[in-house]
Amino acid sequence: MKSRSIFQKVEILVATLVAGFFIFMISTNRDYSYDRHQFTENHIPYSFYTNYLQPLIAVVVISYLVFLFLTQYVEVKARGFFKITLLVCTYLLLSIALSVCFTYIFAWRYGEESYPTQRDVTATFFVQGFAAAAIGYLFYLIYYGLKELIFSPRLRRKLKEKNGSRLLFIGMSVLAWFIILIMLTANNAAPFAVILWAVVLPYALLVLYIHIYVLIPGMPEKSPRSGYYLSRIVPVILLINFIATVFCKTASDGGAPFLGIYVLLLLWTVVVVIPLAWWIYKNQKEKLGLKTALGSSEANLSFLRSQINPHFLFNALNTLYGTALQEHADRTGEGIQKLGDMMRFMLHENVQDKILLVREVEYLNNYIDLQKLRTVNSPDILIQVKIDEPASGLQISPMLLIPFVENAFKHGISLKEHSYITIALHTQDNTLYFDVQNSIHLKPDGDPEKLKSGIGLPNVKERLQLEYPDRHELVIRQTAKDFFVHLTINL
């Protein structure tokens, strides 16, 4: 966070220097009359201040203020729908401001004979203003993405977790699109073909992405007729459609009516793009459901194979528990009782898809208490546990937390060296926060566990990806002497 705040200060300084440089260049440019002949030829009065200095400086200052507003306020403080609203409003204000400035800078067009009325000239200025603002926003989004990639550890982790071939495919696709666009432009292709490739295709892909990864997953009711969906998709589509229409109008050199292009794009979106987005989402969801079901079935099969006559084990534990009480071995009896509770949990509740978080915490506490019994006489072993009572009603996938604790006791305890384990768990609203930290001790050469890495942590990582996609954050750090795990789950 500290490095980010320093970067923001540098960002303000650089933006100010760049804006100052452009203002200086505009003010001292000796060739300020480069467009003056256009005014003369079209019989429009020319003013150095009105048609050059003031509007150009206004363009620089407005762009500078918009950049600061986006980087210093919207990125830092705005969240969710409010952030989207601010981005849309800022784009509209920038577009209108640029359009007004263009009416002064290129005022000579009011005298051109190719425009029937002054309203047609003004409409052209506003089309170009919205297009210029859209291009500026495109560069800003690229800049924002690069900045997040550099400064956001969470984004970098997500990118590392994604399939590298998928990222390579996306990069190659963008490169191929750009090369084909250059070839179409260089070979003077028909404007219609250029518009389809340069505007309509990216527009359709953007609508698909917004549907599949933003709008539909966040809906409480996955239905295209729900009020939640319509209240969000209608303004988004109208705005994106408007921006795409501005680009199409600019690329067509004003040959086609604005309203006609807008209606055609809207029909294309409603009839083709949106149904395709829903079909792709449902298809992906079915595949994910099959993968989750397959993973759950394999886990259940492994669990069933590990059960060796559980009723016999329960009877044997009850017998040992009774014997321990008769011989006044309280600690032994306590250990046997907790072990029985854990096995009962594994037998009856581990096979469910979801259980109450309270039950998962009980199992966790039983396991920790059982492990403490073997270290109670070792003063060099420090075990600190702070597990708060979770909120009632919260549910979690069973046996999701225990592998991290098992790993801590497996690798963090040594009866010959100073060791420590710290475990913390608490919930806030519907979010679970779970931390495990432990010392690390190398196994001796004769230990059969030395060369075994285990399957607990890889298995739980895969389960988190399947059961809590985009709803969890797992951070694992390891040094030569310490191992740290931080898990956050939106339940």
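Helices (H or I, at least four residues) and strands (E, at least two) are DSSP runs, numbered from the N terminus. The model is predicted: local features need pLDDT of at least 70, side-chain atom pairs count only at pLDDT 80 or more, and totals for chains, interfaces and linings use all residues. Residues are numbered from 1 along each chain as its sequence is written, and side-chain values use heavy atoms, with hydrogens and water left out.

Two loop residues were examined for backbone geometry. Asp-429 sits in the loop between β4 (419–428) and β5 (431–439). Asp-429 is not a glycine, yet its phi is positive, at about 60°. Most residues other than glycine have a negative phi. Asp-429 has a relative accessible area of 67% and is therefore exposed; the term means over 50%, whereas buried means under 20% and partly exposed lies in between (1.4 Å probe, protein chains only). His-43 occupies the loop between α2 (36–41) and α3 (48–77). A positive phi of about 60° is found at His-43, again not a glycine. His-43 counts as exposed because its relative accessibility is 71%.

Arg-109 lies in the loop that joins α4 (80–105) to α5 (118–151). At 15% relative accessibility, Arg-109 is buried. Beyond its neighbours within four places in sequence, Arg-109 contacts (heavy atoms within 4.5 Å) Tyr-115, Val-121, Thr-124, Phe-125 and Gln-128.

Helix α13 comprises 17 residues (357–373). Buried positions in α13 include Leu-357, Val-361, Leu-364 and Ile-368. Glu-360, Asn-366 and Gln-371 are also among them, as are Tyr-363 and Tyr-367.

Notes
Expected span 1.5 Å × (residues − 1).
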